[in-house]
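Work through the exercises below with the sequence and the model at hand. Each task is followed by a solution in steps.

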Amino acid sequence: MVDLETTLCPILSLNFIKLCKAYRYNFCSFHNVIQDFIAQTGDPTDTGAGGSSIFHLLPRSSPAYQPTPYFVPETNPKLKHKDTGTLSMAIAGEGDQRGCGSQFFFTLKEDLDYLDGKHAPFGRVIEGEDTLSKINEALTDQQGRPLRDIRIRHVVVLDDPFPDPEGLDIPPSSPVPTAAQLASLRVGDEESLEESGDPEEVERQRRERDARAQALTLEMVGDLPFADVAPPENVLFVCKLNQVTTSEDLELIFSRFGEILSCEIIRDQKTGDSLQYAFIEFRERADAERAYLKMDNVLVDDRRIHVDFSQSVSKLHNSWVFNKTALGTAVRQEAVAAAEEELEAEISCLTWRT
């Protein structure tokens with residue numbers, strides 16, 4: 001929970017509150033975390049270079065509209081980056097374009113006075129210091145981005161002392177993450193970075209790794225330069241699935257692109273575990289193409305899936321379809337019967353020789 005300096009910094013506070021009310025911060029990641037320094041977020045693009053003020057997001061007809069993404073913040077000498085948990089807007093841009101957009105940060109240490117005058121403090125954390133401590137201990141890459149995603153799930157405004165500017169669009173409910181935000185996911189916040197647990201849990205994790213390894217071997221990076229037969233143009237190959245995802249879930253997700261003839265996740269014959277890949281057959285080729293363009297790298301059950309038309313798996317799909325037909329069943333039964341007859345013949349010969 002944060003408390004804003006609405007009296008000392010009315011413009012900064014208004015911008016922040018209205019961005020919250022418009023759900024502009026939902027699913028934003030903490031894209032820059034520097035231990036004992038700052039934790040930065042507020043960029044809907046998750047690149048560290050995006051975001052704009054609420055004034056720039058208003059319709060041009062609004063009296064409060066601003067043509068540039070940044071606005072000039074208030075500067076108050078009473079407010080400094082003194083305490084851990086200070087809420088401050090990041091100032092970016094150059095020259096006349098320099099100012100605040102939507103990105104902000106929390107300080108992770110006391111007495112960061114060298115930030116004073118460079119950025120714009122306007123609030124502080126009054127509840128949730130333990131969360132800041134966990135963020136401060138996050139493992140990051142060389143660019144300061146956490147290896148495990150840390151994201152703003154939802155924002156609730158408890159008190160808004162400012163009237164809404166004309167033209168402010170407030171959705172009736174929290175919107176779903178954009179495709180770009182989903183594609184930016186790394187390790188989910190509920191995923192473990194190391195193996196732990198009792199022997200049964202360790203074995204379950206091992207089976208998951210094995211299944212994931214099998215799925216990754218089927219992920220076609222470059223595809224084959226040629227194939228004996230043309231690949232089915234209405235069939236998608238989906239891999240890197242979460243083990244909890246079911247065929248019904250997948251069909252429901254993909255059915256918005258068109259009529260689906262078949263959708264099934266392939267499972268291990270002995271254990272029944274998902275091998276984390278599936279085939280989805282559409283009635284129309286155009287529907288499959290649309291699904292491919294929209295769903296590749298999209299998050300499904302906390303996993304970024306890979307969708308492709310692959311010549312390399314076309315035979316695998318044909319075999320899977322064949323095995324599910326009555327003809328495939330009959331052929332398998334004939335093969336089993338022939339093998340049994342051959343085995344009985346060999347046993348008779350061995351009996352005769354003894």
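**Exercise 1.** State how many salt bridges the structure holds, then describe the pair formed by D164 and K18.

Solution. 
- Step 1. This is a predicted model, and 11 salt bridges are found in the structure.
- Step 2. In the pair of D164 and K18, the closest N and O atoms are 2.6 Å apart.
- Step 3. D164 sits in the loop between α3 and α4, while K18 belongs to helix α1 (residues 10-21).
- Step 4. Buried means under 20% relative accessible area. K18, at 0%, is therefore buried. D164 has 38% and so is partly exposed.

**Exercise 2.** Locate the salt bridge between D287 and R290 and classify the accessibility of D287 and of R290.

Solution. 
- Step 1. The N to O distance between the two side chains is 2.6 Å.
- Step 2. Helix α7 (residues 285-295) holds both D287 and R290; they are 3 residues apart, about one turn of the helix.
- Step 3. The relative accessible area of D287 is 12%, so D287 is buried. For R290 the value is 39%, so R290 is partly exposed.
- Step 4. Elsewhere, salt bridges with shared partners join K18, K21, D160 and D164 into one network.

**Exercise 3.** Which residues make the nonpolar surface patch of about 430 Å², and is V155 buried or exposed?

Solution. 
- Step 1. The patch is made by M1, I126, V156 and L158.
- Step 2. I126 lies in the loop between β6 (120-125) and α3 (129-136). Its relative accessibility is 42%, so I126 counts as partly exposed.
- Step 3. V155 is in the loop between α3 and α4 (179-183). At 17% relative accessibility, V155 counts as buried.
- Step 4. V155 and L19 are 136 residues apart along the chain, and their C-alpha atoms are separated by 9.7 Å.

Conventions:
Residues numbered from 1 in each chain as written. Predicted model: local features only at pLDDT ≥ 70, side-chain atom pairs only at ≥ 80, totals over all residues. Heavy atoms only, no water. Patch = residues over 30% accessible without salt bridge, like charges linked within 9 Å, V, L, I, M, F, W, Y side chains within 5 Å. Areas by Shrake-Rupley, 256 points an atom, 1.4 Å probe, with all protein chains shown as cover. Salt bridge = Lys/Arg side-chain N within 4 Å of Asp/Glu carboxyl O. Helix = DSSP H or I, 4+ residues; strand = E, 2+ residues; numbered from the N terminus. Buried < 20%, exposed > 50% of the residue type's maximum accessible area, 1.4 Å probe, protein only.
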